[in-house]
Amino acid sequence: MSRVQSPRTDHSWLVQCAELVLPWLTPTELAAISLTCKSLYQISKSITLRRSSDASRGFEKFPIPFHNSVDDQPYAFFLYTPSQIPSSSSQCPQRQSWGSSSAAGHNWAGRLLGVESVLWVGGSGDNVNGCDCQNCGEEGDGGQRCPCLIFYGLEDVVSECGPSCGCGLECPNRATQREVSVRLRIVKHVRKGWGLYADQLIPNGQFICEYAGELLTTKEARRRQQLYDELALGGHFSPALLVVREHLPSGKACLRFNFDATRIGNVARFINHSCDGGNLSTALVRSSGTLIPRLCFYASKDIEKDEELTFSYGGVRLRSKGLQCFCGSSTCFGTLPSEDT
Ligand SMILES: C[S@@+](CC[C@H](N)C(=O)[O-])C[C@H]1O[C@@H](n2cnc3c(N)ncnc32)[C@H](O)[C@@H]1O
């Protein structure tokens, strides 16, 4: 004879399902479901707490918490990728689990469904101390010498080992390909929105992070910029679409890259602008064997704990109605840099 299940058993089944499903929901969906019953309210609350304690969803070395004493938004919602991803719609995920108690400790590619990093180097390989190049790992006057590490005569272009080398992530010439290794937090400012802050002393020259996000075609970047401009008009929307132009020594534009971290990105999407150049410098980093460079951020001076990390978004202000700048520097221009893409 079959027994009728007790309400208590049904309830624990609901809780188990909720623990599996709710981490995939957006904040709006989570808020709606939390209104349905006391148990789901409690689960949603603990998911919200976990989300606000680590923006990186466990992908980086240290948790990167949100702090907000301005309003009641506990965290900013976006999908996390530690490195660039191509933007073709079939490869970009619509959802990513975030806020489950067992979220940490997995390979990121597995959690960002359907997406492979264009620069991900899996496994450490046999030759963990350097790449396959003849002189890799030799100590020269200035320390490590590797033919893969070439400066093109321009301060802001750097080359690292990449997929065409036999080395793994431990190679000293892959400094920008590992996790974010400094302690950071994300703090809300009443006028600038969220910003990225140092949670430790960061020495001059230290690599901070790359600008990870979707790599767009220029056509798609233009389409999105139009959309973002319209959304920004209504306020409460912070686009994170960055266009990088690589110039030939002659000064003529040579290559253009469009990185969009608005929907999918990493912590770099929270770095605000400062008209005085801030405390970060940028470099385009090329890994041998890859075509697309990555934009990387380094400390351009010693940065104190609790200091905001900022850089200059550029010097061009083409739009007459640019957004107001609140960088607070003595050289503040009044409006944010803006350019039609
Ligand atoms: C890449 S996002 C930076 C993170 C952003 N504050 C957020 O809340 O997500 C760029 C946007 O941040 C805001 N922002 C950045 N720097 C600013 C500044 N100095 N003054 C005012 N707003 C700023 C603008 O809305 C800009 O479009």
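Two strands count as paired if DSSP finds at least two bridges between them. With that in hand, strand β14 (residues 280-287) and strand β15 (residues 294-299) pair in the antiparallel sense over six bridges. Everything here describes a predicted model: local features need pLDDT of at least 70, side-chain atom pairs count only at pLDDT 80 or more, and totals for chains, interfaces and linings use all residues. Residues are numbered from 1 along each chain as its sequence is written.

**The chain as a whole**

- The protein chain has five helices and 16 strands; helices (H or I, at least four residues) and strands (E, at least two) are DSSP runs, numbered from the N terminus.
- Of its 341 residues, 32% count as buried, a label for residues with 20 or more other C-beta atoms within 10 Å of their own, the C-beta atoms being placed from the backbone.
- Among contacts with a separation of 6 or more, 63% come from residues 24 or more positions apart; a contact here puts two C-beta atoms, placed from the backbone, within 7 Å.

**A four-stranded sheet**

- An open sheet of four strands runs in the order β6-β14-β15-β9, with mixed pairing.
- Its edge strands, each pairing on one side only, are β6 (157-160) and β9 (207-210).
- From one strand to the next the twist averages 35°, with axes fitted as lines to C-alpha atoms and angles running from 0 to 180 degrees between N-to-C directions.
- β6 and β14 pair in the parallel sense over four bridges, and the bridge partner of Ser159 in β14 is Arg286.
- On the β15 side, Thr282 has Phe297 as its bridge partner, while Leu280 has Ala299.
- β14 and β15 form a hairpin with six residues between them, and Gly289 in the turn has a positive phi of about 95°.

**Around the ligand**

- The ligand is surrounded by 18 residues, the closest being Gly193, Trp194, Ser238, Asn272 and His273; to be near, a residue needs its C-beta atom, placed from the backbone, within 6 Å.
- β8 (193-198) and β13 (272-273) each supply at least two residues of this shell, and β8 gives the most, with three residues.

**Helix α5**

- Helix α5 (residues 218-233) has 16 residues that should span 22 Å at 1.5 Å a residue, and its end C-alpha atoms are 22 Å apart, which agrees; the expected span is 1.5 Å times one less than the number of residues.
- Gly235 follows α5 and has a positive phi, near 75°.

Methods. A residue is buried if 20 or more other C-beta atoms lie within 10 Å of its own, exposed if 12 or fewer, and partly exposed in between; C-beta atoms are placed from the backbone.
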